[in-house]
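Hi there,

Here is the structure I promised to pass on.

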Amino acid sequence: MDSKYLFSSVSPTKLFFIAAVPGAVSMLASALYQLLDGIFVGRILGDTAFAALNLAMPFVIINFSLADLIGVGSSVPISISLGKKEEKEADNIFTCAVLLIIGAGVLVGLLLFAAAPLLIRLMGADGTFAVFAVQYLRVYALCSPVTTIVFAMDNYLRICGQIRGSMYLNLLMSVLSAVLEFLFLGVLGFGIWGAALATCLGMMICALLALYPFLRGRLLLHFRRPRFSLRLIRQIVACGSPNFLNNIAGRITSILMNAILLRMGGENAVSVYGILMYADGFIQPLLYGMCDSLQPAVGYNWGAGSYRRVTAIERCCFTASGILSVCSAAVLFLFPAQIARLFIGSDSAALLLMAEGALRLFAATYLTRWFSFAAQSYMLAVEKPVFASLISVSTALFFPVLLIAALWPLGLTGIWLNFAGTALLAAILSFFLLRLFQKEIKRRMQAASAKEGI
């Protein structure tokens with residue numbers, strides 16, 4: 001289906017099912033692979049390797065953060081430019097963004113490879129635990145120039161109306177990574193570095209497949225001679241900063257949490273935190289898939305001045321996010337033992353007991369987490385990076401650190417309650433920011449009505 005017709009003419013409810021459902025399926029595939037990654041490492045390589053993976057993971061995500069900044073940051077102005085019928089400007093933003101992502105991948109990859117031993121040592125790890133974490137991180141760092149672009153290509157495919165193509169690509173990436181990881185760990189007996197290599201190979205293959213139709217000139221966006229400018233870079237950074245700040249702030253919080261947990265409860269506490277992050281890594285991609293898949297449509301209509309359609313699309317997004325989150329909270333609360341046993345061997349009774357209690361407390365997070373998540377996506381799609389960044393940084397860093405101090409007397413229980421408290425505070429903040437934004441939408445609608453009357 002033509003993307004312009006899809007974004008401007010299809011009813012909001014139908015658009016939601018056409019765009020958001022495949023987006024959620026794409027992210028579900030990614031979440032399932034991440035879940036399998038933790039299961040393979042924990043079951044095949046043991047508890048120390050699983051803890052090392054979770055210790056290194058924040059740095060792995062930082063490795064992708066600059067690419068995410070550019071990918072998301074360029075997608076918003078591309079969609080808005082297309083809504084304004086400025087196709088050449090959209091092509092230029094697309095071309096410059098791809099080149100910037102590759103350059104960022106080289107730079108960040110080199111820095112992380114060189115700094116990996118120091119970073120892991122500063123976390124308080126030593127011995128085999130530290131060696132495993134360094135091995136895992138360095139594979140991602142080496143492959144960074146050819147893997148980091150894959151998630152940005154997902155955004156560009158959706159902008160071009162290739163929603164199912166994007167979904168199939170994500171499914172392929174997850175299947176390839178899972179099969180390769182089982183082969184490397186379960187059959188060939190590779191170490192933890194084999195888990196990282198499997199994921200990177202899956203990403204490389206799918207990044208090349210995603211680039212192919214753009215190189216052939218078959219889609220709405222085309223490569224052209226790039227025209228870089230300070231205004232363009234500022235625009236990309238401004239629109240991508242909420243996601244970037246969320247990634248960086250979230251990883252700083254994870255690093256802080258891991259350091260505290262390592263000293264407060266040892267490897268077991270780090271492993272439980274990893275289980276919570278895997279649960280979050282299964283639910284949050286579904287939310288992200290729904291909200292992010294609607295961003296091109298929201299941005300297109302915002303650029304075209306169709307404000308009523310923007311609010312109608314977002315109403316679908318908020319409703320679906322709320323339903324999904326509440327259902328997820330119920331599953332986490334009712335089945336904590338079954339979830340924990342996916343990652344823990346039968347001989348780790350103390351670890352299993354700690355994980356069950358933590359998961360029940362963690363479940364409360366999703367009673368309110370959906371609201372700030374959908375609000376942040378909304379603000380990003382309509383070029384309100386300050387509001388989106390405020391929600392992002394507060395959720396990922398400010399509120400968690402504040403609650404670490406407030407809940408410190410509760411020990412590990414305070415850490416597990418931190419997530420639910422953060423989600424509640426973020427929802428309250430998002431509510432007030434949305435109230436402010438609604439006043440702007442009303443002014444724009446009144447101005448548009450007055451102009452039509454003239």
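**The second largest cavity**

Let's start with what surrounds this hole: the lining of the second largest cavity is made up of four nonpolar, four polar and two charged residues. Keep in mind that this is a predicted model.

The residues in that lining are Val72, Ser75, Val76, Ser79, Asn155, Arg158, Ile159, Asp292, Gln295 and Pro296. Helix 3, helix 6 (150–159) and helix 9 (230–304) are the elements that each give two or more residues to it. Helix 3 has the largest share, with four residues. The space inside comes to about 70 Å³, and the structure has three cavities of 30 Å³ or more.

**Helix 3 and helix 5**

Helix 3 turns up again in a packing contact. When two helices pack, we describe them by the angle between their axes and the distance between the axes. Helix 3 (residues 47–83) and helix 5 (residues 127–147) have axes that come within 8 Å and cross at roughly 30°. Angles under 35 degrees count as roughly parallel, so helix 3 and helix 5 are roughly parallel to each other. The crossing is right-handed.

Which residues make the contact? On the helix 3 side they include Ala52, Leu55, Phe59 and Asn63, and on the helix 5 side they include Phe132, Tyr136, Tyr140 and Ser144. The residues of this contact split into 17 nonpolar and four polar, with no charged ones.

Happy browsing!

Notes:
Residues are numbered from 1 along each chain as its sequence is written. This is a predicted model: local features need pLDDT of at least 70, side-chain atom pairs count only at pLDDT 80 or more; totals for chains, interfaces and linings use all residues. Side-chain values use heavy atoms; hydrogens and water are left out. Axes are lines fitted to C-alpha atoms, for helices over the stretch in contact, and angles run from 0 to 180 degrees between N-to-C directions. Angles under 35 degrees count as roughly parallel, over 145 as roughly antiparallel, 65 to 115 as roughly perpendicular and the rest as oblique. A crossing is left-handed if the near helix is turned anticlockwise from the far one by less than a right angle, and right-handed if clockwise. Contact means heavy atoms within 4.5 Å. Ala, Val, Leu, Ile, Met, Phe, Trp, Tyr, Cys and Pro count as nonpolar, Asp, Glu, Lys and Arg as charged, and the others, Gly among them, as polar. On a 1 Å grid over the protein atoms alone, a cavity is a set of points where a 1.4 Å probe fits but cannot get out, and a pocket is an open set with protein on both sides within 12 Å along at least five of seven lines; lining residues have an atom within 4 Å of a point. Grid points are joined across faces, edges and corners, and a volume is the space filled by probe spheres set on the points.
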